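Take a moment to look over the sequence and the model. Then we can walk through a few of its parts together.

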Amino acid sequence: MTIKNLPNPKWLTLEQCVAERKKLKADKKILVLTNGCFDLLHPGHLSYLKAAAELGDELWVGLNSDASTSALKGPSRPVMNETERAYMLGGLDCVSRIFVFHEPRLTREILAIEPDIYTKAGDYTLETLNKEERAALENTGAKIRFLPFLEGYSTTKLIQKISAAAHTF
C-alpha cells in the first residue's frame, strides 16, 4: 500500500470547502482558518493547531502545495510532499478540513471560504501578515488572531538538527 491509497476524508477541493462552509454558516458554526507548509510536523505545529481549534467549531488548514512551499522556502523544500503532509494533518483530531492551495498566498481561498477567524502563530504580527491576505480577511470580516509561538521549534531548525545527526554516522 502507498500513501496515495490511504483515505484522507478531511482533504477537500476548494469547491467542496465552499459547499461545506455554507453548511457551517447555516448551522451558525464558527470556522477557524489557518494555513502553512507544515513540512515536518513538530510540537510547535501541534501546540498551535490545538490552540487554533479551540477558538471555534471547526479548524480548516490551507496547506501550501509543493510548488508554493518551494517558492516560499527554497528548492530543497518541501521535505514531504503535499499528499504526505495532508495525510499527517488529517490524522490530527483538532483539524477538521484540509485543502491545498497553489499560489504563495491564500487570498483567493480566504475570499471564497470567508472564515470567521483566521489564525497565525505568534511570530507574525498585523504588520508582517501578507498585505493581500490581510485585505481579504478584512473584506470578509474575519477576526485575525495571533496565537502563542512555542519557542524552540521550527521546521528549519528540525531539518538542520536531522542533517547534523546524519553527518555523525
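This is a predicted model: local features need pLDDT of at least 70, side-chain atom pairs count only at pLDDT 80 or more; totals for chains, interfaces and linings use all residues.

## A strand on the inside

Let's start with strand β4, residues 117-121. Five of its five residues are buried, so the rest of the structure largely encloses this strand. I117, T119 and A121 point one way, while Y118 and K120 point the other way.

Strand β4 pairs with β1 (residues 31-36) in the parallel sense, over two bridges. Here L33 has Y118 as its bridge partner.

β4 also runs parallel to β5 (residues 143-147), and five bridges join them. To get from β4 to β5, the chain passes through helix α6 (residues 131-140), making a right-handed β-α-β crossover.

How many salt bridges does the structure hold? There are eight. In one of them, E20 meets R97 with the closest N and O atoms 3.3 Å apart. This pair ties helix α1 (residues 14-26) to strand β3 (residues 97-101), across 77 residues of chain. E20, R97 and K23 are also linked in a salt-bridge network.

R21 forms a salt bridge with D116 at 3.2 Å between the closest N and O atoms. The two sit 95 residues apart, R21 in helix α1 and D116 in the loop between α5 and β4. R21 is buried at 3% relative accessible area, whereas D116 is partly exposed at 29%.

E114 and K25 form another salt bridge, with 2.4 Å between the closest N and O atoms.

Note on methods:
Residues are numbered from 1 along each chain as its sequence is written. Side-chain values use heavy atoms; hydrogens and water are left out. Buried means under 20% relative accessible area, exposed over 50%, partly exposed in between (1.4 Å probe, protein chains only). Helices (H or I, at least four residues) and strands (E, at least two) are DSSP runs, numbered from the N terminus. Two strands pair if DSSP finds at least two bridges between them. A crossover is right-handed if, with the strands pointing away from the viewer, the path from the first strand over the helix to the second runs clockwise. A salt bridge is a side-chain nitrogen of Lys or Arg within 4 Å of a carboxyl oxygen of Asp or Glu.
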